[in-house]
Amino acid sequence: MPKITYIEHNGKSHTVEVAKELTVMEGAVQNNIPGIDADCGGSCACATCHVYVDEKWFNKLPKIESAEEDMLDVAFEPNKFSRLGCQITITEELDGLVVKMPSKQA
Amino acid sequence: MIKTDVLIIGAGPVGIFVVQQLGLIGLKAEVVDNLDKIGGQCIELYPDKPIYDIPALPECTGESLTNNLLEQIKPFKTNFHLNERVQEISKEQNGWKVATSGNKIFSAPNIIIAAGVGSFEPRKFSVKEAEKFENNGVFYSIKDKTYFKNKKICIFGGGDSALDWAIELAKFAEVTLVHRRNEFRGAEHSATIARKLEKEGKLKIKTPYQIVSIEGEDKIKGITIKTDEGKIEKIDTDCVLGFFGLIMKLGPITEWGLNLDKKTIPVNTETFQTNKEGIFAIGDICTYPGKLKLILSGFHEGALAARACFKLARPNEKYRFEFTTTSKTLHGRLGVKKDD
């Protein structure tokens, strides 16, 4: 299974195996990793699974769609590496992906 | 003081449907919601998104689902108390007393919490000075637009609220619209008007910028904004308006002494009662082994919670299970006339 690393805002790092087809958000929620709220449950409607994708990985992700870009407008402190965890589906190619969480989700 | 059999917290699909289930067994309900409209997440988050898993409705939208549910509870003439957030509860001899943010007081033997992920509140600026200036220069909604006349205003956001208010306030104030990217997600028509006003010198638009800090002692003097690339700019301003949509927060419910599991309330699946007698939780906010956060699960949970409410609301009566297809009592409550 692909390994994903989640880094909390305080620097605490969690590396977990996440099954393919799950999303970055689900990987965090199922492993009780703090820092991702996912209030809407993954329907790209709330921006509380906001992550900063590691620079080296950002361009390897499938391109962001406009619905996600719209939601990022209301995310907490977005930057150019911002994505929503619920919109990143884990694939074999993403083995080793690193994402950081913002200081809070809202 | 408003007396009722059941106080329902949350006017989403589950909160509305439980009104019907209560009405059928002869119980009256009042509904409180912090939003200014009925429908909860269905209306606030995805009014136009199609939903495909409501039984017997192959496809509907958040809006049409809400409207259909409202049609279904029409016979029960229920009061909705909108723009009200529940604040405090206290135990009374025969139930609970609940006070809202608008100082309404309810007295009921039963409370059903159908509050989803919590009440909707505006998302706020992340900069620390924003709190100090809240309602004294920093605003997240506009109640009286004349307050802004001839003032210097910075509006943040890229949605309809930000665009609409920028266009409106630009008529009589010096407005700068700031957004984190070059595209606006609000209506194209509004974005076009805003760009046109910018060309005519009636509105300033700063993209892609985000706020860094707010300056001032007793009142706001100016703000600092910057791009992702680190380009910094300072703007003199009197007011800062943020339109970043809404966020859901559990709020005061967390202080009611209910058992909580993260942001959800554990319940007994026979009655959907919480650890407090007479307080029930249904829909996305409740949790139990196997819980699914589906609207259809919330309907089932409401049906059972309603029966449990009957015992506390009518302690001296016996509840009878009846079908709407055949029961004359239920037909009477529904207002249907049947020739037979």
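In chain B, the axes of helices H1(B) and H7(B) come within 8 Å and cross at roughly 40 degrees, where an axis is a line fitted to C-alpha atoms, for helices over the stretch in contact, and angles run from 0 to 180 degrees between N-to-C directions. H1(B) and H7(B) are therefore oblique to each other, given that angles under 35 degrees count as roughly parallel, over 145 as roughly antiparallel, 65 to 115 as roughly perpendicular and the rest as oblique. H1(B) passes H7(B) in a right-handed crossing; a crossing is called right-handed if the near helix is turned clockwise from the far one by less than a right angle, and left-handed if anticlockwise. The helix names, like the strand names below, refer to DSSP runs numbered from the N terminus, with helices (H or I) of at least four residues and strands (E) of at least two.

The structure is a predicted model, in which local features need pLDDT of at least 70 and side-chain atom pairs count only at pLDDT 80 or more, while totals for chains, interfaces and linings use all residues. Residues are numbered from 1 along each chain as its sequence is written, and chains are lettered from A and ligands numbered from 1 in the order in which they are written. Chain B averages a pLDDT of 94, and 99% of its residues score at least 70, pLDDT being the predictor's confidence in each residue, from 0 to 100. For the complex, the predictor gives an ipTM of 0.80 and a pTM of 0.78.

Which residues of H1(B) and H7(B) make the contact? From H1(B) come Pro13(B), Val14(B), Phe17(B), Val18(B), Gln21(B) and Leu22(B), and from H7(B) come Ile295(B), Gly298(B), Phe299(B), Gly302(B), Ala303(B), Ala305(B), Ala306(B) and Cys309(B), contact requiring C-beta atoms, placed from the backbone, to lie within 7 Å. By class, this contact of H1(B) with H7(B) has eleven nonpolar, three polar and no charged residues, where Ala, Val, Leu, Ile, Met, Phe, Trp, Tyr, Cys and Pro count as nonpolar, Asp, Glu, Lys and Arg as charged, and the others, Gly among them, as polar.

H1(B), which spans residues 13-24, also meets helix H3(B), residues 62-72, and here the axes come within 9 Å and cross at roughly 15 degrees. That angle makes H1(B) roughly parallel to H3(B), and the crossing of H1(B) and H3(B) is left-handed. Pro13(B), Ile16(B), Phe17(B) and Gln20(B) of H1(B) touch Leu65(B), Thr66(B), Leu69(B), Leu70(B) and Gln72(B) of H3(B), a set that divides into six nonpolar, three polar and no charged residues.

Chain B also holds an open sheet of five strands in the order S6-S3-S2-S10-S22, with parallel pairing; two strands pair if DSSP finds at least two bridges between them. Strands S6 (79-81) and S22 (279-281) of chain B stand at the edges with a single partner strand each, so one side of each is left without a neighbour in the sheet. Neighbouring strands of this sheet are turned by 20 degrees against each other on average, direction ignored. Helix H7(B), residues 295-313, lies across strands S2 (6-9), S10 (110-113) and S22 of chain B and runs at about 160 degrees to S10(B).

Elsewhere in chain B, strands S7(B), residues 86-92, and S8(B), residues 95-100, run antiparallel and are joined by six bridges. Ile89(B) has Val98(B) as its bridge partner in S8(B), and a hairpin of two residues joins S7(B) to S8(B). Further along, the peptide bond from Thr207(B) to Pro208(B) is cis, with omega near -15 degrees, and Pro208(B) is placed in the loop between strands S15 (204-206) and S16 (210-216) of chain B.

Chain A has an open sheet of five strands too, ordered S2-S1-S5-S3-S4, with mixed pairing. Strands S2 (13-17) and S4 (82-84) of chain A are at the edges, each with a single partner strand, so one side of each is left without a neighbour in the sheet; the twist averages 35 degrees from one strand to the next. Strand S1(A), residues 3-7, pairs with S2(A) in the antiparallel sense over five bridges, and Tyr6(A) stands opposite His14(A) in S2(A).

Terms used: Contact = placed C-beta atoms within 7 Å.
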